[in-house]
Structure formats: C-alpha cells, structure tokens
Amino acid sequence: MSRTPRALRASAALTAVLASTLVAGNTTSANAAITAPPDKIVIEVATVNGSGCRQGTAAVAVSPDNTAFTVTYSDYLAQVGGGASPTDFRKNCQLNLIVHVPSGFTYAVASADYRGYASLERGATAIQKASYYFQGSPDTAARNHPFAGPYDNNWQATDETEWGQLVWAPCGVKRNFNINTELRIKAGTSSASKTSFITMDSTDGEINTVYRLAWKECPA
C-alpha cells in the first residue's frame, strides 16, 4: 500500500494490555516465582498531551474490565523535507495514568512492543523512543530504536528490561505512571526536496503497542 505524508492521516493505534505474569517474588531468589495479584488492576487515564496527540487527535478507551486501554491517534507523524514544517521533525505523546494496584503488590513495565511505518530517503535517519517513570521519582527507564534510510516499510521495536533494572511503583504510595513516546527524524544527507517520515502506525489494524507488567510483593 503506497503512502504519502499528504494522504497519510496516521491511523496509529496505541494499545496497552496490562497482563498478569509470573515473576520473582522475593529479594533472595530471582527465580522464585509468585502468581500475580488475584484482584484486577484498575487504570484511569489522567491526561494525554503532546505534539503527536494534540487535542482532538487522540481518543482514549478503557476496556470494560479496566485491565487494558487503547489510545487511537489520527496525527502522530514526524517528517522532514519537501513541504514539512521545521517543527515537524519531532513529535511526542505523554500518557499520564492513575493505576490502582491490589494491596500488597507493586508493578513495573517489563516489556513493550511498538509498531509503525517509515519512509526514509537515503541519508535520512529516524528514532523511536519511549520512557517510563513514576510521578515524583528520579528513576526513569528509557529505550530508543534507530532507523536509517533508504527505508520504506513497517517497523517494529521491542523494549525489554532486565529484572534488576525494572523501575517499580513505590509500595504503599499512589504515584501516577507516565509513558512518554517520541518520534524524531533527521534529513541528514538526503535531498531537502524529498520528504521522509515516520509514524506510530499499523497497516493491518492489529495491536500497535503492548505493555506487559512484572509483579512482586511489597515488604510486609
């Protein structure tokens, strides 16, 4: 399917499925697994802000059981060259979430899968970045994935965090959880008359982004 920046109204759908997994349950053995909390996690979306999800271009829907949420974008596109604006080279979107966790447990994002589409001229480069942090906490987990032209295809990127590097929600304290995604593109040595772009997108309408949670018990 051919795509141009003028015709493209990015159909990028950001879907986060918060899945219960088996993870290490104490500090003495990373191999000692526990079952995720029996009570469901409840997610509330506090705010959605950013140049990639400006007002009116993003819609948030929470699943009936409150264990997943979907953010659908209509204009999450970074581009350079051609008729692109000088500010179009970078777009971002920050999700601010209120996550209610069952008593006695805490959580962290263990992995995330991102999908999109990019059309990069030879010499152009792009990057997809995501960071995760809790409000008021200095700890931030950040991952980025580079792409280089010539490139004209779907892309997929996975963020994975080792157990010892996970950023955990503070036990016994309610802190909003932030996910900040970013698309950035540079023209490099490509022709200034030709447009290169990258978008958070899915050509077949499948799940775009999946967030998986790791769980552990809080100290007594």
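Close-up 1. C93 counts as buried, at 1% relative accessibility (buried means under 20% relative accessible area, exposed over 50%, partly exposed in between, with a 1.4 Å probe and protein chains only). This is a predicted model, where local features need pLDDT of at least 70, side-chain atom pairs count only at pLDDT 80 or more, and totals for chains, interfaces and linings use all residues. Residues are numbered from 1 along each chain as its sequence is written, and side-chain values use heavy atoms, leaving out hydrogens and water. A disulfide, meaning a pair of cysteine sulfur atoms within 2.5 Å, joins C93 to C53, with 2.2 Å from S to S. C53 sits in the loop between β4 and β5, C93 in strand β8, 40 residues apart (strands are DSSP runs of E, at least two residues, numbered from the N terminus). The link is right-handed, with 100° about the S-S bond.

**Close-up 2. The disulfide of C171 and C218.** Here the sulfur atoms are 2.1 Å apart. The torsion about the S-S bond is about -90°, so this disulfide is left-handed. C171 is partly exposed at 34%, while C218 counts as buried at 19% relative accessibility.

**Close-up 3. An open sheet of five strands.** Follow the order β4-β8-β13-β10-β11, with antiparallel pairing; two strands pair if DSSP finds at least two bridges between them. β4 and β11 stand at the edges, each with a single partner strand, so one side of each is left without a neighbour in the sheet.

**Close-up 4. Strands β10 and β11.** Nine bridges join these antiparallel strands. Look for Y133, which stands opposite T140 in β11.

Key:
Helices (H or I, at least four residues) and strands (E, at least two) are DSSP runs, numbered from the N terminus.
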